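Let us learn to read a protein model, one feature at a time.

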Amino acid sequence: MAHRENNSTQQAIINTATKQFLVNGFRNTSAKMICRELDISPGNLTFWYPTKADILLEFTKKIMSYHERFIEYNKNKGEENIYTYCLEIVVQIALCEERENIRDIYYSMYSEPCTMAYLKDWTAQKNLNILGSYLQDWDLKRFRRAANVTCCIERSALAEPCTEDYTLDDKILLTLTCLLKIYDFEKSERERIINKILATDYHKIKTEMLKELDKYIS
């Protein structure tokens, strides 16, 4: 019985924090706010999650499961792996341009040490699975080294919103160019796939993911 109750407490914390992160952003959500909504003591919260970043790590795993399903969906559609790789990143960027709170969450995921470490490992394995057929001499260790740089590039892409002089297409072009260069794709291939991405209705995909995230708020 105690084990079930403990799991219930942990799940309640994650569910409440998820909702508050999505409404307020990560940095504007405090441990006190989570405790108040759950009517639990700060000690009860820190027993399960010593820091807010520990809660964000659980949230990050949940968000990445959406990205994994998106990748699998595209693979099942028969899309090119390099296209799927680029589109997954573009949807992430587009999500953050849509809502400031989403930007804050993703940027925090790429900034907090524990979540950044998780994302580097997740990214290395993801890219091995997606890009390994192109880069057959790359092993997981090499993808892991690359992730130290690529995750920083993705974080930089999320850091500042677009402007009239720096459009979303500009941001996508620059980000994907940098990432594909790291993975040694030739210029003609980079240009081909980026043009294909820019011709894709990625806003529709972004909207579908936002609907999934909004289920945690309602």
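This is a predicted model: local features need pLDDT of at least 70, side-chain atom pairs count only at pLDDT 80 or more; totals for chains, interfaces and linings use all residues.

Q: How do I read the packing of two helices? At what angle do the axes of H4 and H6 cross?
A: Start with the axes. Helix H4 covers residues 52-76, and helix H6 covers residues 100-109. Their axes come within 11 Å and cross at roughly 105°. That makes H4 roughly perpendicular to H6.

Q: Which residues of H4 and H6 meet?
A: From H4 come Leu-56, Phe-59, Thr-60, Ile-63, Met-64 and His-67. From H6 come Ile-105, Tyr-106, Ser-108 and Met-109. Sort the residues of this contact by type: seven are nonpolar, three are polar and none is charged.

Q: How many residues are in the largest nonpolar core?
A: That core has 65 residues. Those with the most contacts inside it are Ile-55, Tyr-85, Tyr-106, Met-109 and Tyr-183. Helix H5, residues 81-98, gives the most to this core, with twelve residues.

Q: Now a residue of another type. Is Thr-84 buried or exposed?
A: Look at its relative accessible area, which is 0%. Buried means under 20%, so Thr-84 is buried. Thr-84 lies in helix H5. Leaving aside neighbours within four places in sequence, Thr-84 is in contact with Ile-71, Asn-74 and Glu-79.

Q: Where are Asp-39 and Asp-184 found?
A: Asp-39 sits in the loop between helix H2 (31-38) and helix H3 (42-48). At 71% relative accessibility, Asp-39 counts as exposed. Asp-184 is in the loop between helix H9 (168-182) and helix H10 (187-198).

Q: What about salt bridges? What can side chains of opposite charge do when their charged atoms come close?
A: Such side chains can pair. In this model the count comes to 18 salt bridges. One joins Glu-79 and Lys-196, at 3.9 Å from N to O. Glu-79 lies in the loop between H4 and H5 and Lys-196 in helix H10, so the pair ties together parts 117 residues apart in sequence. Glu-79 is partly exposed at 23% relative accessibility, and Lys-196 is partly exposed at 31%.

Q: Where do the partners Asp-121 and Arg-144 lie?
A: Their side chains meet in a salt bridge at 2.7 Å, N to O. Asp-121 is in helix H7 and Arg-144 in helix H8, 23 residues apart.

Q: How many residues apart are Glu-189 and Arg-192?
A: They are three residues apart in helix H10, about one turn of the helix.

Q: Which residues do shared partners join into one network?
A: Salt bridges that share partners link Lys-77, Glu-79, Glu-80, Glu-189, Arg-192 and Lys-196.

Key
Residues are numbered from 1 along each chain as its sequence is written. Side-chain values use heavy atoms; hydrogens and water are left out. Axes are lines fitted to C-alpha atoms, for helices over the stretch in contact, and angles run from 0 to 180 degrees between N-to-C directions. Helices (H or I, at least four residues) and strands (E, at least two) are DSSP runs, numbered from the N terminus. Angles under 35 degrees count as roughly parallel, over 145 as roughly antiparallel, 65 to 115 as roughly perpendicular and the rest as oblique. Contact means heavy atoms within 4.5 Å. Ala, Val, Leu, Ile, Met, Phe, Trp, Tyr, Cys and Pro count as nonpolar, Asp, Glu, Lys and Arg as charged, and the others, Gly among them, as polar. A nonpolar core is a set of buried Ala, Val, Leu, Ile, Met, Phe, Trp, Tyr and Cys residues joined through side-chain atoms within 4.5 Å. Buried means under 20% relative accessible area, exposed over 50%, partly exposed in between (1.4 Å probe, protein chains only). A salt bridge is a side-chain nitrogen of Lys or Arg within 4 Å of a carboxyl oxygen of Asp or Glu.
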